[in-house]
Amino acid sequence: MHNLYRILWAARAVIYKLVFGRFGWPSYIGPPTFLLRPGRIHIGKRVRIFPGLRAECHGEGALFIADNVSIGQNFHVIAGSKLLIGSGCLISGDVFVTDTDHTFDLIDVPVFDQPDRISSTRIGDNCFIGIGARIQAGTTLGCGCVVGANSVVRGDFPDYSMIVGVPARVVKRYSPEDGTWQRLVSNHSNEINS
């Protein structure tokens, strides 16, 4: 049985190499649910994506997933511009990442007929995103950020932030001096407890 999986994995990799903008080796993508404009999807080396991927590149959008990334099942990503997921990231199942917002200013026009608003979204290297999290348009996660399960994230977050909640906020920061995660003095402060 193990050999059958390896054969299917290799066969899919050959197909992905032909249709994706880039597909590094040895990378793996389980059977996807939906791919829109796969020629604008760029996958690095040693990327593992479990089944259920829904990846959409709209307009000039392009998705770049760097090397050594692991993504759980049912990952949904929408790129309306250049959306980057940095190297070494671990993204749990049922996560949604987008750089696109629907607009609804014209109340007599269906939302899907109104223009989208694109805001740059970037996930830094070595981030961990918990199950069910939503990374919304206009979000930048610095390197080494941790996002709690089911969090709804929008905004700019510095390196080594622990981000949780709806809406998400920074609750801890990593202290290189101590080598520990430290709770913030307040939810609106960048000061670290000593």
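**Exercise 1.** Is glutamate 56 buried or exposed?

*Solution.* Start with the model. It is predicted, so local features need pLDDT of at least 70 and side-chain atom pairs count only at pLDDT 80 or more, while totals for chains, interfaces and linings use all residues. Residues are numbered from 1 along each chain as its sequence is written, and side-chain values use heavy atoms, leaving out hydrogens and water.

Next, take the cut-offs: buried is under 20% relative accessible area, exposed is over 50%, and partly exposed lies in between (1.4 Å probe, protein chains only). Glutamate 56 has a relative accessible area of 7%. Glutamate 56 is therefore buried.

**Exercise 2.** Find the side-chain partners of glutamate 56.

*Solution.* Step one: look for a salt bridge (a side-chain nitrogen of Lys or Arg within 4 Å of a carboxyl oxygen of Asp or Glu). Arginine 54 is such a partner, with the closest N and O atoms 2.7 Å apart. Arginine 54 is partly exposed, at 35%.

Step two: glutamate 56 also touches histidine 76. Their side chains make a polar contact at 2.8 Å. Such a contact is a pair of N or O atoms within 3.5 Å; within protein, one must be able to donate a hydrogen and the other to accept it, and residues adjacent in sequence count only if both atoms are side-chain atoms.

**Exercise 3.** How many salt bridges does a search of the whole structure find?

*Solution.* The search finds 2. One joins arginine 54 and glutamate 56. Another joins arginine 154 and aspartate 101, at 3.0 Å from N to O. Here the residues are 53 apart in the chain. Arginine 154 is partly exposed at 41%; aspartate 101 is buried at 18%.

How values were computed. Helices (H or I, at least four residues) and strands (E, at least two) are DSSP runs, numbered from the N terminus.
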